[in-house]
Amino acid sequence: MLKPLSILMVTALTLSACNSWRESRVNPSNWFGPSTPSVAETSPDDANALVPQEKEGSGLFARPDPEDTSVAISKIDELRLDPTPGGAIVYVSGTAARQGAYNAQLVRINSEENQKNGVLEYTFKVNYPSYATNQGTERSRMVSDAANVSQQDLQGIRLVRVVGQQNTLESRRR
């Protein structure tokens with residue numbers, strides 16, 4: 001009886017000492033003060049830091065822009081539009097020509113004809129390894145990607161189209 005009582009007392013005293021941890025300078029959550037709003041004063045002539053600047057010439061360590069080696073996916077299996085409060089998610093899955101496809105991306109095609117007709121068009125592109133890979137089973141070549149489309153971008157859109165090498169899938173608004 002004496003041993004459990006002494007363990008209980010030591011534990012209670014240890015835990016009661018932890019109350020001061022919250023205000024301690026050792027506590028990592030106290031290392032920075034509360035956030036305060038700040039407004040950066042900029043003039044209209046200042047460059048926007050979020051907009052990439054045009055490169056002027058090539059520097060000593062400048063690298064050339066990587067070339068786009070992506071190709072349209074072999075076959076598109078599924079196109080699904082899932083509504084969200086802020087717009088929709090365009091979900092696409094497809095089958096690559098061979099195993100090892102990576103960097104799947106839906107690339108939006110902007111053309112005047114599509115804008116006039118209310119069409120939102122994407123090309124489903126993937127990259128393949130530079131070395132030879134097996135074709136493998138269809139399940140092992142499945143690739144999917146999704147794109148978030150805002151409510152503003154969906155205004156006037158009546159048709160969503162995704163283009164692949166062998167087929168094209170479309171989804172119309174009801």
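Visitor: How many helices and strands does the chain have?
Guide: The model is predicted, so that local features need pLDDT of at least 70 and side-chain atom pairs pLDDT 80 or more, while totals for chains, interfaces and linings use all residues. Residues are numbered from 1 along each chain as its sequence is written, and side-chain values use heavy atoms, with hydrogens and water left out. Helices (H or I, at least four residues) and strands (E, at least two) are DSSP runs, numbered from the N terminus. Along the sequence they follow the pattern α-β-β-β-β-α-β-β-α-β-β, which comes to 3 helices and 8 strands.

Visitor: Is Asn-127 buried or exposed?
Guide: Asn-127 is found in strand β5, which covers residues 119-127. Buried means under 20% relative accessible area, exposed over 50%, and partly exposed in between (1.4 Å probe, protein chains only). Because its relative accessibility is 9%, Asn-127 counts as buried.

Visitor: Which residue has its backbone nitrogen 3.3 Å from a polar atom of the side chain of Asn-127?
Guide: Contact means heavy atoms within 4.5 Å. Not counting residues up to four places away in sequence, Asn-127 touches Thr-69, Ser-70, Gly-100, Ala-101, Tyr-102 and Asn-103. The backbone nitrogen at 3.3 Å from a polar atom of the Asn-127 side chain belongs to Ser-70.

Visitor: What percentage of the contacts with a separation of 6 or more joins residues 24 or more positions apart?
Guide: Leu-120, for its part, touches residues including Arg-108, Val-149 and Val-160, not counting residues up to four places away in sequence. For the chain, among contacts with a separation of 6 or more, the share from residues 24 or more positions apart is 64%.

Visitor: Is Met-9 buried or partly exposed?
Guide: The place of Met-9 is in helix α1, residues 2-17. With a relative accessible area of 47%, Met-9 is partly exposed.

Definitions and conventions
A polar contact is a pair of N or O atoms within 3.5 Å; within protein, one must be able to donate a hydrogen and the other to accept it, and residues adjacent in sequence count only if both atoms are side-chain atoms.
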